[in-house]
Every structure is written in C-alpha cells, then in structure tokens.
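Hi,

Here is the structure I promised to pass on. My notes on a helix pair and some cavities follow below it.

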Amino acid sequence: MKHLDRHVILEHTIVAIMLLIVVACGEKPSEVTKVDKEPTIYPDYSGVTVPVNIAPLNFMVREDQSSAIYVVAKGNGVEIVADCTREEAIFDIRDWKKLLSSNAGSDITITVDVKTEGQWKEYKPFSIRISSDSIDSYLTYRLIEPDYEVFSRLQIKERCVEDFSERSICDYKSVGNRCMNCHTYSNQDPNLSFLYVRGQGGGMMLNQNGNIRKLNVKAADMVSGAVYAQFSPNGRWIVFSTNKIIPAFHAAPSKRLEVFDTKSDIYIADIVNNKIISNPILEDSTRLETFPTFSPDGKSIYYCSAERLPMVSNLDSLQYDLCRISFDEATGVVGDYREVIVSSQKNEKNSVCHPRVSPDGKYLLYTVANYGTFPIWHPESDLQMMELGSGETDTLGVVNSAKSDTYHSWSSNSRWFVFASKRDDGMYGKPYFCHVDERGKASKPFLLPQERATFYDKNLKSFNAPELGKGALPFTAEDIAKAFKKTTAESFSL
Amino acid sequence: MLKNKYEYIAIGVVAFVIIAICVFLEVCYPYHYYWQEQNALFSDIYTLFGPYYYYKYAGPILQMLSFLVILLILGYVPYIIIRKTGKKVLANVIITAVILSDIYYTYLRSPFNEEYRPYQYGLSHHDFEQTLSVETEYYFGNYRKVIDNAMKADNPNIVMGFYYNLANAQLGLLPDNILKYDPKELGTLWKIGEDTPIAVINMMNDLYYALGDMVYAERAAMMSCVFSPNNKNMKMLKRLAEVNLVSADTLAAMKYLRYLAYTPIYSKWAKEHTPGKMKDGARLSIETKRKYINKQDTLRLGDNCRTILIELLESNPDNELALDYLLCTDLMLKEIGTFKDDYDHYCMQRGNIRLSVLYQQALAIFLAGTEAPKEEWERYISMPDVVQEFRQYNSHRGSEAFKGTYWYYFDKEDNNTKRR
C-alpha cells in the first residue's frame with residue numbers, strides 16, 4: 001500500500017469538505033429565467049400567518065430533477081439566505097429570529113430559485129405574514145401509528161415551537177409499552193396537567209407543579225376510566241367522559257376505520273377530595289354523552305350528546321348535538337337543564353365533536369362530521385367556529401381541507417389554535433396552527449416546522465391530540481415512570 | 001505486510017465503508033426485520049453453508065464478509081502490537097475481546113437465545129431457511145418456485161402450507177392441489193390482533209391483498225409495522241403503497257412512495273409506481289388488481305373471512321381467487337351443506353362453473369347424502385369418472401388407495417385448518 005502523507009490527507013479532506021459546502025449551499029443563481037408561478041414547496045408556507053416567535057419555517061422544493069436550490073427571505077431591510085441542499089431550505093435560527101422580530105406585524109417574502117438541467121429559474125416570490133401575536137411556546141402530542149386499533153412504542157412528546165427541541169414526557173420504554181393518552185393542560189398552564197397511562201399499574205398521572213399523583217378516576221359502575229377530559233378554570237374539577245368504544249372497519253377502502261360508542265356518560269372529578277360527581281342529564285341511559293369541556297368562566301360545561309341507537313345498523317344516524325349545562329365551580333353543583341347550542345338536525349354536517357372554548361370566552365371551536373364520534377378517520381371532518389356572543393358560525397373555509405381536520409386546542413392568548421390535520425396524505429395527522437385575529441378572522445394554517453424539511457416525508461407517526469402550553473412542563477418521563485411503578489393509585493368514590 | 005499507521009487506517013476506512021454499505025442494505029432489505037429482531041448487526045455466519053437466498057441477495061453476503069473483515073483486522077492487530085512493541089498484555093486483552101465477541105455472536109444464534117426468530121417458531125436453522133425461501137419466492141411472484149420449494153421441504157409447516165395454497169390459488173390451481181399438501185393452511189380462519197405473531201400478520205396481509213380486500217390488507221400491513229422493530233417494516237410500507245394505489249387513494253399512496261423513494265432498494269420501484277409517471281407494466285398490474293377490490297359499503301366488527309370473501313364476490317363475481325378460497329374453506333371445514341349453498345349461489349346461479357375434481361367429489365358427497373335424484377346428479381356432476389370412482393370408494397370406504405381424494409379427506413383425515 002502506498003505511503004500516504006498526513007498533510008496530503010488533511011489538505012484533501014479540507015478541500016473536499018469545502019467543495020461539498022460550495023456545491024450544497026453556496027451556489028448562487030446566474031442567468032436566471034423568471035417563472036410566473038409560485039414554487040411547489042412542502043410544507044406549504046405560502047400565504048400563511050405565523051407567530052413572531054415561531055421556529056424557522058424550513059421547507060423543501062418538490063421539483064423533479066432539481067440539482068440545486070437557492071432561497072432568500074427578506075423584509076424590512078433584513079435579508080437572510082437559507083442553507084440549501086438539493087431540495088431543502090434550512091434557515092439559521094438566529095438569522096430567522098432577527099428577520100421575524102424586524103417584521104412583526106408585516107410580511108416577509110421568500111424567493112426560490114431552482115436549478116434544473118444546468119439552468120436556473122426564479123419562481124414568483126411568496127409572502128408570509130408575521131403576526132405580533134405570540135403563540136404558546138410548547139406543544140405536547142402523542143406519537144402513534146395511524147391505525148389506533150393496536151399500538152406499540154407510544155410516546156407523548158413536548159416540543160418547543162420556538163426552536164426544534166423535543167423531549168418525551170411519557171415513554172413506552174418506562175411504562176411497560178402501555179397505551180397512553182392525551183396530555184391535557186389546565187388553562188395552558190404547565191404546572192397543572194394530566195396524562196393517562198392505561199392498563200395495570202396505570203391511571204391518570206396528575207402533574208401539580210411537577211409532583212405526580214396517580215389517580216384512579218373510576219367508580220365501580222362506570223363503563224370505563226376517563227377517556228376525554230378537561231380541567232375546570234380553577235383547577236379543582238376535571239370533567240370527563242367514560243366511553244364503551246367499539247372499533248370497526250368499513251369495507252370501502254376510502255372509509256377505512258370507524259370507532260363508535262355503545263355507551264358513554266359524563267362525570268366530574270373533584271381532585272381535592274377525590275370524589276366523583278354524577279348528574280342524571282350527563283348519564284342519561286337513553287343518550288350518549290361525550291367530549292366535555294368547561295367554559296373559561298367555569299359556569300358551564302359544553303359537551304356532545306346523541307340519541308343512543310342500536311349499532312351498527314344505525315351508525316350513520318349517530319348524530320351528536322353540541323350541548324351546554326350549567327356548573328357551579330364553587331360547589332360542584334351541575335345544572336338540571338340541557339341546552340342545545342348546535343343541533344345536529346340543523347347542521348349540514350350533522351355530528352359535532354370536540355368543543356373547545358377560547359380562553360377569552362369569545363369563540364367556541366368544534367369539529368363537524370357526517371356522523372359518529374371519531375372524526376380522525378372521517379375525511380369530511382371540518383372545524384367550525386362559533387362566536388358565542390352573536391351565535392354566528394364561521395365554517396372556516398380557509399382553514400379546512402378535503403381530509404380530516406380535528407382535535408384542536410387554543411393558545412392562552414386566544415389568538416392561535418392548533419389542530420390535527422390529515423390534509424397531506426389522509427393518513428397521518430400533523431399539527432397545523434391557525435391565527436385568529438382580533439375580529440375573529442382565521443388565516444391560512446401552517447404546519448409545525450421541523451429542523452429538516454424532509455422530516456414529514458420520513459415520519460411514520462401521527463401527531464395525535466396536540467395541546468399548547470405556556471411553558472415547559474416541570475416533570476420528565478422518568479417522573480411518570482416512577483409514579484407508574486412505585487405509586488398506588490388514589491381511588492375516587494361517587 | 002503493512003508498514004505504517006496510515007495503512008492500518010486505510011484498511012479501517014475500507015472496513016468501515018463495507019460495514020456502512022451492509023448496514024445500509026440491512027435497513028432497506030425486504031427481510032431486514034429478521035435481522036433487527038435478532039438485535040444483531042451481522043447475519044448468521046454459518047448459514048453460509050446452506051442458505052437458500054444468499055446466492056440471490058447481496059446484503060447478507062456483504063454483512064457476513066464485513067464480519068470476517070473485522071475479525072481479520074482485530075486478529076491482526078495483536079500480532080502487530082507484539083511485533084512492534086512487545087506489549088503482550090494489551091495484545092491478549094484484544095484477543096480476549098475478539099473471542100468474547102465471537103462467543104456472544106454465536107450465542108445470539110444459538111438455541112439458548114430464545115429471542116432468535118427460528119427458535120421462537122420452533123424451527124431449526126435449516127427449516128427456517130426453507131420457510132424463508134417459500135415466503136421470499138411468493139414476495140417476488142415466483143409462484144411455481146413457491147410450490148416447488150414447499151414440496152421439497154423436509155419439515156413442512158404452516159407458513160409453507162399457507163404459501164403453497166396461496167401460490168396455487170394465484171395460478172388458479174387451488175382446488176386441484178390443496179389436498180396434495182400438509183398442513184392444509186388457507187389462513188381464512190385466522191384472526192389477527194395484538195397477540196398475533198408478526199409472521200401470521202404478514203401472511204394475512206398477503207392473503208387479503210391477493211383476495212382484493214384493501215382495507216384488511218392495509219390493516220394487516222399497519223399492524224405489521226406497529227409490531228416491527230422501530231415500527232418500520234419496509235416490505236409492509238411497500239405494500240401500503242400498493243394498497244393505496246389499488247384503492248386509487250393517490251395522496252396516501254404518495255406518502256409511502258415518497259418514503260420508499262428515500263431508500264436505495266425501493267426508490268426505483270417507487271418511481272415506477274408514482275401516479276402520473278407510472279410505467280405501463282405497473283399501471284396494468286394496479287388496474288387489474290383494482291377490478292377485484294371490495295366495493296361494498298358495510299361495516300365489519302371483526303375479521304371474519306367468510307364475510308370478506310362474500311363481499312368480494314358480490315363486488316366482482318369474476319374474482320376466482322376469492323371463490324376458490326370460499327369453497328375450499330367450506331371443504332376443509334367439511335361443511336358440505338355450506339359448500340353446496342355457496343357453489344349454487346356463486347357458480348350454478350351465475351353460470352360460473354368451477355369444474356374441478358375436488359368440487360365434483362364434494363358435490364357427490366352432498367348428492368349421495370341427500371339421496372338426490374338422477375337429474376340432480378346429471379346437473380352437478382360433469383365428470384363421469386367422478387361417479388364411477390365414488391362408487392368404487394363407497395365399496396372400499398376409507399381405503400388408503402383413495403388417499404388424495406376429497407372422500408378420503410372427508411372420512412379419514414383431520415381437519416387441520418385451524419382457527420388461530
């Protein structure tokens with residue numbers, strides 16, 4: 001073997017690295033041909049409104065045979081150039097923050113040049129609106145295969161939306177590969193939240209300032225433990241549904257999975273005295289009650305209710321009304337009158353799911369589908385927003401897509417909401433964020449940015465039940481594991 | 001003889017590149033999960049002497065070679081150390097490490113390691129290789145080879161029985177050959193769930209896809225991914241792309257095609273199957289498959305294959321594969337009345353006569369059992385030999401001379417088509 005000089009190796013290595021850098025990132029367009037259309041990019045960030053504190057909107061250009069791209073973002077005198085691979089545009093986070101802070105309340109423009117077959121072409125620039133309304137900095141979600149029928153290796157993650165940091169707050173490795181469910185904040189407050197670990201040794205893991213309590217929120221005659229649950233504004237009460245859930249499969253490939261309840265009721269748990277409150281209207285045996293949530297003033301519980309029909313033959317007649325019942329947060333007394341806010345009879349899409357009131361109490365956001373209680377697999381599922389003062393409903397045409405758009409939660413300032421959308425492929429839910437201005441006008445939503453723009457192409461997990469939080473959670477996956485393994489669940493009584 | 005440290009480094013780089021290629025291939029290899037399940041980087045060194053598929057696929061060979069290269073390098077280093085420096089302790093430590101690694105590596109494939117897949121299924125290495133050969137040839141659409149390899153197997157098992165029947169069904173020969181092989185596994189009575197072995201889930205995926213039920217094929221593929229290491233199974237991701245192409249769900253198909261396009265092994269396939277750029281052969285194959293999909297609008301609470309088969313036949317009466325599976329399932333269960341009803345409904349009434357000795361023999365049992373008049377015999381039995389042989393059988397009922405006939409199976413053989 002030929003003797004190799006150390007300096008020669010070093011020189012060649014440096015030159016090779018520099019060449020790679022020049023080829024990959026630094027090739028400036030020359031002899032550019034203008035193209036009168038916008039580039040096809042993914043995620044689609046053209047014309048979206050984003051918060052001033054969002055992480056860099058890295059994207060990829062979907063164009064066959066592109067050998068290089070060149071991307072410039074500018075606004076108010078600040079111009080940044082993305083690091084580019086053959087198809088990806090990656091912005092430096094410090095440059096990006098500077099660009100956004102200089103353009104809060106105005107637009108930035110992105111110019112994309114693409115080199116194909118040795119020729120550069122410059123697409124029509126597209127703009128992004130930078131809202132000065134910040135979004136809550138943290139997002140939690142469960143990562144799960146889109147099947148939902150079976151599971152393995154589930155994780156609940158917390159992601160900072162201002163950068164790309166992500167960590168597990170509940171991990172399959174430390175809870176015996178158990179099923180785990182939605183992480184839910186109280187008023188987007190990281191110091192009060194819960195998540196659920198199912199199965200033996202599991203329970204509701206209640207986070208109170210980082211201390212984890214394990215709760216068995218189930219009375220003997222309930223059909224299940226808590227399924228859909230929300231805190232009251234003062235943090236003392238948790239309203240939850242118990243659901244007997246049946247999975248089924250459509251024969252038609254376009255419909256896939258269906259999940260419906262054969263029985264469901266709503267209860268309220270007092271997490272101070274470990275008591276469960278029931279109410280005849282909320283556990284009406286002739287009806288199904290589900291998806292409960294408190295109003296921000298704590299005076300009402302919104303929920304969905306449908307006539308209990310024999311299944312499976314009546315599935316497409318399973319229509320949920322959106323209802324409201326009064327509640328006294330001081331005493332825990334539930335009202336005796338069920339008010340129908342959105343009737344399934346009047347709605348074009350007949351079944352209402354997942355009501356969520358904005359923290360300022362102005363808007364009620366909910367999902368509508370043709371029937372049933374599992375909008376995740378209903379492509380027609382759309383979001384709608386009602387202004388509670390006037391009762392006017394916005395069908396959110398700019399927000400919804402041809403695929404399922406559902407499971408939403410608000411930012412603490414009521415200016416943003418996040419929802420899980422399957423618009424890209426019909427299979428995998430992804431967190432999209434939508435701005436709502438002071439007049440209640442919603443903007444085109446944008447997808448949670450990732451450090452690598454190719455992330456979503458290579459990702460095989462659904463982002464399930466996204467929830468926004470004001471700060472980082474004060475516990476770790478190890479804390480949940482410790483509670484799971486070493487703590488006995490506190491019992492509740494009716 | 002190497003002269004200086006740069007040359008050792010150069011050898012190290014070459015070894016690293018080989019290993020990197022091997023890992024790369026392993027990730028993209030259709031059977032990568034077999035290796036991943038074993039939680040080991042390198043393939044089984046002693047399967048060099050009798051594996052079926054090594055001559056066909058480069059991945060495992062390169063893995064094995066890289067293992068050898070590492071052993072050579074590690075074995076050579078102590079020699080150099082002793083020669084150059086005389087540090088025998090260090091040299092011995094390295095040699096000990098090499099030996100321990102080898103022992104551990106051997107242990108991973110030994111009967112003492114319960115997690116090694118062949119032993120999980122109670123198969124020896126030899127049987128495991130033969131089973132893989134059947135499964136692999138089905139994957140590549142070599143149905144004749146599937147049948148040949150299954151026939152040649154020393155210890156046929158349910159996987160071989162299943163693929164033997166599925167390959168025969170693909171060739172339109174299921175009723176002709178089902179009685180010629182044991183075990184007589186069709187898969188139509190199996191159900192899949194969270195406790196189902198992944199091999200069975202994969203088999204059910206192949207069955208549903210072959211029959212034309214894209215919902216359950218997709219479900220099985222998803223389930224297989226859920227239970228695979230890192231929740232990824234390349235073969236099933238490819239199947240998910242196929243399923244959605246057949247279902248004409250372009251968005252979903254593109255999701256998987258894009259994923260596959262990032263892998264070196266499947267990128268060519270992905271490009272050839274991309275909607276709008278699909279090659280003629282791929283398009284024809286997808287369009288042909290699409291004719292047979294389930295077009296019913298029903299909701300199913302469980303994976304009852306009889307319901308699925310009936311829906312497929314209602315959707316497309318020309319789905320002969322579904323018809324054969326329906327009729328053969330009836331016969332393997334020895335449910336002659338159900339078979340006769342199905343035969344009447346899907347063959348006689350629709351003028352879609354499936355003329356096969358198996359069905360004729362089964363019909364003879366029903367006609368004899370119901371003391372059917374001559375006209376009925378003439379209506380159903382088109383093969384005169386069947387009537388003659390049936391008379392002979394009845395005079396020597398249960399005689400081994402009639403082994404291979406449905407009459408003998410009906411009277412003497414256990415129904416080993418099990419619900420799993």
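In chain B of this predicted model, the axes of helices H18 (residues 336–348) and H19 (residues 357–369) come within 10 Å and cross at roughly 115°. Axes are lines fitted to C-alpha atoms over the stretch in contact, with angles from 0 to 180 degrees between N-to-C directions; helices (H or I, at least four residues) and strands (E, at least two) are DSSP runs numbered from the N terminus. On the H18(B) side, B:Ile336, B:Gly337, B:Phe339, B:Lys340 and B:Tyr343 make contact (heavy atoms within 4.5 Å) with H19(B). By class, that contact has eight nonpolar, one polar and one charged residues (nonpolar: Ala, Val, Leu, Ile, Met, Phe, Trp, Tyr, Cys and Pro; charged: Asp, Glu, Lys and Arg; polar: the others, Gly among them).

For cavities (sets of points on a 1 Å grid over the protein atoms alone where a 1.4 Å probe fits but cannot get out; lining residues have an atom within 4 Å of a point), the largest is lined by 18 residues. Among those nearest its centre are A:Arg356 and A:Tyr407. Its lining divides into eleven nonpolar, five polar and two charged residues.

The second largest cavity has residues of both chains in its lining, including A:Trp377 and B:Glu218. Helix H11 (residues 214–226) of chain B gives the largest share, four residues. Here the classes are seven nonpolar, no polar and four charged.

Residues are numbered from 1 along each chain as written, and chains are lettered from A and ligands numbered from 1 in written order. Local features need pLDDT of at least 70 and side-chain atom pairs 80 or more, while totals for chains, interfaces and linings use all residues; side-chain values use heavy atoms, without hydrogens and water.

Best wishes

Key. 1 Å grid on protein atoms, 1.4 Å probe; cavity = no way out; pocket = protein on both sides within 12 Å on 5 of 7 lines; lining within 4 Å.
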